[in-house]
Amino acid sequence: MKLDSRLMAIANLVRKDKSFADIGTDHAYLPVYLVERGIINRAIAADLRVGPLENAKATVELYGYSDKIELRLSDGLKNFNENEADEIAVAGMGGLLISQFINETKWLKNPDIHLILQPMTHIEDVRKTLFDNGFIIDKEIVAKDGNKLYIVLSAYYYEDFTAYTQLDLIVGRLPQNEDEPSKEYLHKIYYKYYKKYCALKNSNKECDSLEKIVKELKKCLK
Ligand SMILES: C[S@@+](CC[C@H](N)C(=O)[O-])C[C@H]1O[C@@H](n2cnc3c(N)ncnc32)[C@H](O)[C@@H]1O
């Protein structure tokens with residue numbers, strides 16, 4: 001099994017010998033890769049719909065891992081019990097849906113559980129939801145696939161209030177990274193906010209707080 005760089009970035013974050021769940025698995029590439037490499041021994045590949053779960057079944061059977069990878073219909077984590085998985089990946093979905101899973105699944109508030117999240121949109125909302133629920137983001141990775149950049153967040157429950165600034169929501173841990181995709185992503189974010197700021201300024205609207213953010217973002221560029 002070969003993974004693209006987006007799924008590979010997620011796979012690289014999975015801790016060895018833990019139980020793994022892939023929420024919204026579709027083709028089940030991630031669990032099959034992890035079992036094949038001996039990173040995990042058992043996994044649950046879950047999806048909301050029968051069609052994607054059929055795709056998952058086909059991949060799992062093709063690779064001969066039906067005894068190690070359970071297929072499960074589940075809306076988010078609703079059909080999961082506490083302690084069924086300690087590595088949980090949610091990838092390729094919108095950030096608002098991912099935030100909803102975090103908000104509604106109280107048992108995720110367990111320091112032993114590792115969340116690996118790859119939102120396609122609303123990344124700032126996912127960071128905010130994590131912080132507001134007492135999680136810390138220990139690592140963020142930017143995966144580049146063709147011209148596209150994807151963010152992968154690694155998070156743990158911290159049993160405490162997580163203080164954050166607006167800049168934390170916008171860039172997260174990325175300023176710590178030295179790799180080219182992270183630098184490219186930060187430039188993109190900077191120009192997005194810079195354009196917003198220029199538009200407000202040119203129409204004589206209040207833009208002091210945005211100006212402050214733009215200045216802070218500029219300091220994050222390398
Ligand atoms: C774009 S695919 C991503 C597949 C894979 N995780 C990846 O990153 O390549 C999104 C998958 O999420 C599933 N999905 C959407 N809403 C869901 C929900 N509420 N609970 C579980 N799975 C969901 C879809 O059925 C689809 O298979």
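Trainee: Which residues come nearest the ligand?
Mentor: Of the 18 residues around the ligand, R6, G24, D47, D75 and G76 come nearest, where near is a heavy atom within 4 Å. This is a predicted model, where local features need pLDDT of at least 70, side-chain atom pairs count only at pLDDT 80 or more, and totals for chains, interfaces and linings use all residues. Residues are numbered from 1 along each chain as its sequence is written, and side-chain values use heavy atoms, with hydrogens and water left out.

Trainee: What does D75 do at the ligand, in distances?
Mentor: A polar side-chain atom of D75 lies 2.8 Å from a nitrogen atom of the ligand. For G24, a backbone N or O atom is 2.7 Å from a ligand nitrogen atom. A polar contact here is a pair of N or O atoms within 3.5 Å.

Trainee: And R49, how far from an oxygen atom of the ligand?
Mentor: The distance from a polar side-chain atom of R49 is 3.4 Å.

Trainee: Which element gives the most to the shell?
Mentor: β4, with three residues. Strands are DSSP runs of E, at least two residues, and helices are runs of H or I, at least four, numbered from the N terminus.

Trainee: New topic. What lines the largest cavity?
Mentor: L77, I88, V90, I98, F101, I102, L108, L115 and L117. A cavity is a set of points on a 1 Å grid over the protein atoms alone where a 1.4 Å probe fits but cannot get out, and lining residues have an atom within 4 Å of a point.

Trainee: Which element gives the most there?
Mentor: α4, with three residues of the lining.

Terms used:
Polar contact = N/O pair within 3.5 Å; in protein donor to acceptor, adjacent residues only side chain to side chain. 1 Å grid on protein atoms, 1.4 Å probe; cavity = no way out; pocket = protein on both sides within 12 Å on 5 of 7 lines; lining within 4 Å.
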